[in-house]
Amino acid sequence: MGTTASQLQKDLLSEYQELTFLTKQEILLAHKRFSELMAKEERSSPSLRVPMEKILTMPELKSNPFRERICHVFSTSDMKDGSLTFEDFLDLLSAFSDSATLEIKSHYAFRIFDFDDDGTLDCGDLEKLVNCLTGETEDTRLNPEEMRQLITNILEESDIDKDGTVNLSEFQHVISRSPDFVSSFKIVL
Amino acid sequence: MRGPYRGLQDEGPYRGQQDEGPYRRQQDHFPVRDRDPNLPLRNLPLSMQEKRKTRDRRQQQRLSIGCWESWWQSQRIARRRLREQVVRTMCGLQPWRKALHTIEGKFGVGVKAYFTFLRFLLYLNLIHCLVISGLALTPVLLYGKHNFTPGKTPASDLFLLTGFMDRSPVFYGFYSPVPLKVSCLRCCLSSPLLFLLAIASLLTLSIIMVVRRTVIGYKHTWMLGRRYNHHFSYKVFCGWDFCTQVPESAVLQHSLIRNDIKLVLEEERFHQHVSQRTFRQWVQLYFLRGVLNFLVIVLLSASFYLIYFANLFSQRKKPKLSLLVEYLPPITITMVNFLLPHLFRRISGFEDYSLTVQVNITLVRSIILKLACLAIFLYSLLHQPRIRSAQCWENQFGKEMYKLVVFDFLVCCLNAVLVEWPRKLLVERYPSSSFLRALGKPTFLVPFNVLDLVYSQTVTWVGLFYCPMLAHISLLKLLFVFYIKKFVLFRCCEPAQKMFRGSQSSVWFHFTLLLGLLLTVVVLGINANTYPPSSDCGPFADNRTLFNITENCVRILPDFAQKALRFFISEAFALLLIFVEIVFLTSFVSQGRANRRAIEGLKDILVMCSADKRFLVKKHSACLRTLKTSLSEGNGEDARRMEAVDPSEIQPPFTRSTSAPCGDVAFQQGGVAFLTGAKPL
């Protein structure tokens, strides 16, 4: 514990506390877990990126069907390869923490579900989303008829301005009424 | 960062993650991001670098606003942090958090809702215990002369409730009036008054707590229910539980979500099927339903008569098998309550309702059965000559309630050990037997288990006055029930194929609890007004009615206080109260109606704006196309003129007013945010 504390300078630690929803213990734990993903000689450099493949080996993300999307959304990499720096990793944990607000959570949920990154959830996004939920294999998917019926129903409910897609504010409008969302959109180390 | 955003800068709703390129400019389109400087930085959906920049900008602003205000802002931040810390610590103190989490992961939200409900009842009974111990028990133990010495008593006393149990603080007879050695309010305070106060405050508190919890859930489901239904969207957008870590439970969750979606889709198809029924089919169906409902009524009345008869029998005779006869009424009630709901479940299968309606109709019938059984039992109890003529009829009544609670607990234990556990063992041992395979492993039927809880809580409330320590007994009972049910769930049951919805079900649980509470209030009210208290036992020994005590207390009060109290219970005040309530209700109803109309209007505007936007995009691309063709013709002058035409000047055919900033995304977002009542992000 002493070594991790010394690795993270004090002023940096308090800055992270100010900028994220995490407590001091959580930040230190995150630092420890993140360092474990890096090779020994790399640990000294602070702005180093850890490739997505390594991040995905964490047990918290392993069985999550949206794991790759999560990495892409929180990555600040120019290469669009989903690699994370330590600060990106803290952003991720902050959005998924217990005390993050509904607005933050719903914003990031929308971005995770927006598979083609065009700023709206259209039919293609919704179909991919449903497939992620039900399982990707051929026998677990819904059949095309059910899928069509489901997507029509979703758009009927959520697409308030009737433009055929669900945009961010419509999405947040739906989410804000769900009592179960905040408790389920959570990843705790 | 990403390709498609380049073309849609005006719409790009996301944070700019990089400094260079179009994303620098994107921020200019979203000044809303940092509109409120008091919003904590971590509440901004930005990356760490962006947050740092925002902080620097804020600091510059703060320097310019003067020291008093910046001090005030920093104070506000500190207070908010303290509040967050307190809330987090309080959440950490709740019992069984880990167990509930495991249950949720393995068996879904519905089963967890049952256990959360159980925990709520546990809290409720804990409060009951504290109040009863503090207000009723302590004064008598401190100042009274009681001959309560357990000594050597046969174990049968515990069940037959004779001997020392009769004199113990468990029952009403123990709480005889004692002089309190406190000099306040000119000795208006007395132990009977405290007793009455304890019971009345507990009932009031229970009503407030239960109503509050019902209303919280109700707001989520019904008020916006049919009109603004988001069934499917919830399932898809909030379907995945991100806490899931174990691969097996992830697989389970996949299949649960799939089954749930299929079920809802099937339900929708069922509704379509219903709308296609012919007249002849309708007639047949109604005839069938009529017959089945008649059958249900016959079953219900038969069970009521059975209970009445069992009660009569147990009160009349005193043969040798006294323990069995003593417990005959609880046995009958429990057997009826155990068997009939399952029968109702089968019957509702024939009635050709959709699955949800089937579950609900079974529940309604079971609730009627449970509460009406209890009511019949209480009614027949109060008309017994043995009870009416007993030396202390309150004690007798309390004993019956005690028996009901104890027997209910015994049944819960026996059901776990003798029914569920062997059933699971048999199914595992002989997988080839076709009968056992058809029977299958038990599943955890949430509604019926909740009904059991509601029933036992209702008995506790009814018995509270006549057997004050019933709250303590029920507290212990609930503690054990939690562990027994957890055992049954983890060791015997398999996850149900149909998920019971979490948020909706909790409303339902609390509503049935409220029905039980109403029954309690009615029973206690009738008892207090009809039957005078026993003359030589209990706190109200020498009074004609229960309320003599309060009357005596009021008489000691000063003159103006008496007058004020008289006014409060007079008809004039009641009329005034009703009038004020009517005014308030009317204003709320009209406000609600106006809001609904506003919502409809705003929705219309949103639809129109989006149509306008699409029209403009189409027009714009048409312009570009003509521009291209003219360019290819080599007429540069025309092309430049075309470019200068602002697309927003083109009047779409169905715009209501030209001044409305249609097609503006920020406006749309503001509109939806108005609908949701949330701040625009």
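Guide: Gladly! Let us start with one residue: B:Phe195 is buried, with a relative accessible area of 2%. Keep in mind that this is a predicted model.

Visitor: What relative accessible area does B:Tyr172 have?

Guide: For B:Tyr172 the value is 0%, so this residue is buried as well.

Visitor: How should I read a pair of rings in general?

Guide: A pair of aromatic rings is described by the distance of the centres and the angle of the planes. Over all chains, a search of the whole structure gives 45 aromatic pairs. Take A:Phe96 and B:Phe242: their centres are 5.5 Å apart and their planes make an angle of 35°, a tilted pair.

Visitor: Where do A:Phe96 and B:Phe242 lie?

Guide: A:Phe96 sits in the loop between helix H7 (86–95) and helix H8 (102–113) of chain A, while B:Phe242 sits in the loop between helix H9 (231–237) and helix H10 (247–275) of chain B, so the pair joins two chains. Both A:Phe96 and B:Phe242 are buried.

Visitor: Why is the pair of B:Tyr172 and B:Phe195 edge-to-face?

Guide: The planes of B:Tyr172 and B:Phe195 stand at 75°, with the ring centres 6.2 Å apart, so the pair counts as edge-to-face; the cut-off for that class is over 60 degrees. B:Tyr172 is in the loop between helix H7 (164–167) and helix H8 (191–223) of chain B, and B:Phe195 is in helix H8 of chain B, so the pair ties together parts that are 23 residues apart in sequence.

Visitor: Now the interface. How many residues of chain A are in contact with chain B?

Guide: On chain A there are 84, and they are in contact with 70 residues of chain B. The area buried between the two chains is about 7,000 Å², with carbon and sulfur atoms giving 57% of that. A:Leu19, A:Leu133 and A:Arg177 supply 11% of the area that chain A buries against chain B, more than any other three residues.

Visitor: And what about charged and polar links?

Guide: Six salt bridges are found across the interface of chain A and chain B. In one salt bridge, the side chains of A:Glu18 and B:Arg55 meet at 3.4 Å, N to O. The interface also has 17 residue pairs in polar contact.

Visitor: Which helix of chain A gives the most to the side that touches chain B?

Guide: That is helix H11 (residues 168–175), with eight residues. By class, this side of chain A has 35 nonpolar, 27 polar and 22 charged residues.

How values were computed. Residues numbered from 1 in each chain as written. Chains lettered and ligands numbered in written order. Predicted model: local features only at pLDDT ≥ 70, side-chain atom pairs only at ≥ 80, totals over all residues. Heavy atoms only, no water. Contact = heavy atoms within 4.5 Å. Buried area = accessible area lost by both parts, 1.4 Å probe. Salt bridge = Lys/Arg side-chain N within 4 Å of Asp/Glu carboxyl O. Polar contact = N/O pair within 3.5 Å; in protein donor to acceptor, adjacent residues only side chain to side chain. Helix = DSSP H or I, 4+ residues; strand = E, 2+ residues; numbered from the N terminus. Nonpolar A, V, L, I, M, F, W, Y, C, P; charged D, E, K, R; others polar. Phe/Tyr/Trp six-rings, centres within 6.5 Å; stacked < 30°, edge-to-face > 60°. Buried < 20%, exposed > 50% of the residue type's maximum accessible area, 1.4 Å probe, protein only.
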